[in-house]
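Please read them with the coordinates open.

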Amino acid sequence: MNHAQPIPAPRADEAEVAARVAATVRADVRSLTAYHVPKADGMVMLHANENPHPLPAALRRTIAAAVARVGLNRYPDGAGDAVKAALAAALPVPQGAAIVLGNGSDELIQVLTTAVARPGAAVLSPEPTFAMYRIYARQSGVPYVAVPLRADFALDEDAMLAAIARERPALVWLASPNNPTGRRAGTASIERILAAAPGVVVVDEAYADFGDASLLPRVLEFPNLVVLRTLSKVGLAGARLGYAVAHPAWIAEFDKVRSPYNVNALTQAVAPVVLAAADVLSEQVAAIRAERQALAEALAARPGVTVVPSDANFLLVRVPDADAWFERLKERRILVKNFNGSHRALENCLRITVGTPAENRALLAALDETT
Ligand SMILES: *Cc1c(COP(=O)(O)O)cnc(C)c1O
């Protein structure tokens, strides 16, 4: 299996391959561009909403020991029962609610979209929001209805209710706190949307740990609520573990759509160890929240900069010239996310993940040098 020298292999004609691809793959897929993940080696990474703090050494040793015990010759537990038990023990999952695990919550967005994608179904979400809702709707051939947020990025409840009455969507996505704005939806608004929606309403709480509101404890109170969560933003982005919590009747259907061993054995071994060390993650989350406040004040003090109030681990900022800011930061090895040109409402907007104190100082110093 180990070829020191590349072996010249016969190759089909390039034009023939291109013609077969064009004749076979769906035109709408061919017209897509693959999700772009920038290379960030050696850069200060303030672009992906990760937790910037590594896990403490003692916890890493416990993780290493748990990983060493994994039988990699065997398939993982198909249901992920140990992970579900650890989630139920660490979080306010109400008794009687069911959980489905995903390879990141991204995968569950695809699973839920697939589960509702019958002819005539529509998917609806406020915008700007997380791009994957639209991308998976397109892949499933389901119309995607975007309802604009208000100019200050608050949820436009009246517009949402009107769109729900008009479109009768099978699925409503509500990221709260929202990405990339950082704002959360009011609980009363979410309750009215749940009451009005004929289908399922998924409240995507990817950033719930960085705010003070969650519908997780109330998930059984509504007949059509799914709460979607992930460990990615609190410190386990590399492990890829997302989960959805709902009434068992919903989860039973979503379970049929996911692939059989979607959460690998290494992640299943690591997640319970980290969830049992809840104090470590909550200290890191508290540090990020304190830094968010300091960074928001420092950025807002700059001329021409507006900072959107955030319940997440990032700040959306409007600056005088986002493209120029982005490039100048990149030259200084600092990567943020530039939303300029991606959506009308996000003109001159950058999304900046709250980093460590040292990373945030580096960001502010780079801005001092260049603006
Ligand atoms: C990051 C993000 C996700 C996806 O996270 P995973 O890493 O796939 O678990 C889902 N929803 C929102 C709103 C996000 O910002």
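This is a predicted model: local features need pLDDT of at least 70, side-chain atom pairs count only at pLDDT 80 or more; totals for chains, interfaces and linings use all residues.

1. Residues are numbered from 1 along each chain as its sequence is written, and side-chain values use heavy atoms, with hydrogens and water left out.

2. The buried residues of H14 are Glu359, Asn360, Leu363, Leu364, Ala366, Leu367 and Thr370, where buried means under 20% relative accessible area, exposed over 50% and partly exposed in between (1.4 Å probe, protein chains only). Seen down the axis of H14, these buried residues fall within an arc of 155 degrees, so they line one face of the helix; the arc is that of the directions from the helix axis to the C-beta atoms. On the other side of H14, Arg361, Asp368 and Glu369 are exposed.

3. The protein as a whole has 14 helices and 13 strands. Its radius of gyration is 22 Å, close to the 21 Å that the globule rule gives for 371 residues, so the protein is as compact as a globular protein of that length; the radius is taken over C-alpha atoms, and the rule is 2.2 Å times the number of residues to the power 0.38. Of the 371 residues, 49% count as buried.

4. The structure holds 5 aromatic pairs, meaning rings of Phe, Tyr and Trp (its six-membered ring) with centres within 6.5 Å, counted as stacked with planes under 30 degrees apart, edge-to-face over 60 and tilted for the rest. One of them, tyrosine 75 with tyrosine 261, is stacked at 4.4 Å centre to centre, with 15 degrees between the planes. Tyrosine 75 lies in the loop between helix H3 (57-68) and helix H4 (81-90) and tyrosine 261 in the loop between helix H10 (248-257) and helix H11 (265-276), so the pair ties together parts that are 186 residues apart in sequence.

5. Which residues form one aromatic cluster? Phe130, Tyr133 and Trp173 do, and tyrosine 133 counts as buried at 0% relative accessibility.

Key. Helices (H or I, at least four residues) and strands (E, at least two) are DSSP runs, numbered from the N terminus.
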